[in-house]
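Colleague: Hi! I'm new to this one, could you walk me through it?
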Amino acid sequence: MQKNIRSFTLEEAHELLPVIESVLKRLDAKVKLSEKLHDHLLMEDLLHEATGSTNQLLVQEDQQKLDASVEALAEEIQEINALGCKICDLTKGWIDFPANHEGHTVFYVWKRGEAQIRFYRQIQDKTKLLPL
């Protein structure tokens, strides 16, 4: 069973931009923490391969922290999804808002840092942005 997808007006999407920006800032911090923990675990693994020894307790603690960090990331992403929009590209900060534009179902596309939504794209085409 497919759940109903919210369709945004341009005004509704604009109203959510500060909320989404806040969530993306929290995501940034959690991504950095996850990357740091991942890198530390990788270094421990390389050290173990090179020397045959490692601090297993430290590795286990870092793995638990990494698992918790990944769960926290998923919660932030779910928060954006729960608003009815979709992360198109987390690295670039592109967010899609399902919408109806000139009688067609499209995505309004917002790029992090922009003051407003200036483009939309057809549902099937992730690369071609059209001006509003």
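Predicted model: local features only at pLDDT ≥ 70, side-chain atom pairs only at ≥ 80, totals over all residues.
Colleague: Thanks! How accessible is aspartate 28?
Modeller: Aspartate 28 has 33% relative accessibility, so it counts as partly exposed (buried is under 20% relative accessible area, exposed over 50%, partly exposed in between, with a 1.4 Å probe and protein chains only).
Colleague: And how do H1 and H2 cross?
Modeller: The axes of H1 (residues 10–51) and H2 (residues 56–82) come within 9 Å and cross at roughly 155°. The two helices are therefore roughly antiparallel to each other (under 35 degrees is roughly parallel, over 145 roughly antiparallel, 65 to 115 roughly perpendicular, the rest oblique).
Colleague: What kinds of residues make up the contact of H1 with H2?
Modeller: There are 16 nonpolar, five polar and seven charged residues in that contact. Here Ala, Val, Leu, Ile, Met, Phe, Trp, Tyr, Cys and Pro count as nonpolar, Asp, Glu, Lys and Arg as charged, and the others, Gly among them, as polar.
Colleague: New topic: how many residues does the largest nonpolar core have?
Modeller: That core has 20 residues, and Ile20 and Trp110 are among those with the most contacts inside it. By nonpolar core I mean a set of buried Ala, Val, Leu, Ile, Met, Phe, Trp, Tyr and Cys residues joined through side-chain atoms within 4.5 Å.
Colleague: Which element gives the most to this core?
Modeller: H1 does, with seven residues.
Colleague: What does isoleucine 20 touch?
Modeller: Leaving out residues up to four places away in sequence, isoleucine 20 touches Ile80, Leu83, Cys85, Ile95, Phe97 and Trp110; contact means heavy atoms within 4.5 Å.
Colleague: Now the strands. Where is lysine 86 found?
Modeller: Lysine 86 is in strand E1 (residues 86–89). The C-alpha atoms of lysine 86 and aspartate 96 are separated by 5.1 Å, though the two are ten residues apart along the chain.
Colleague: Last one: what is phi of glutamate 102?
Modeller: Phi of glutamate 102 is near 55°, a positive value in a residue other than glycine. Glutamate 102 is in the loop between E2 and E3.

Methods:
Residues numbered from 1 in each chain as written. Heavy atoms only, no water. Axes fitted to C-alpha atoms, helices over the stretch in contact; angles between N-to-C directions. Helix = DSSP H or I, 4+ residues; strand = E, 2+ residues; numbered from the N terminus.
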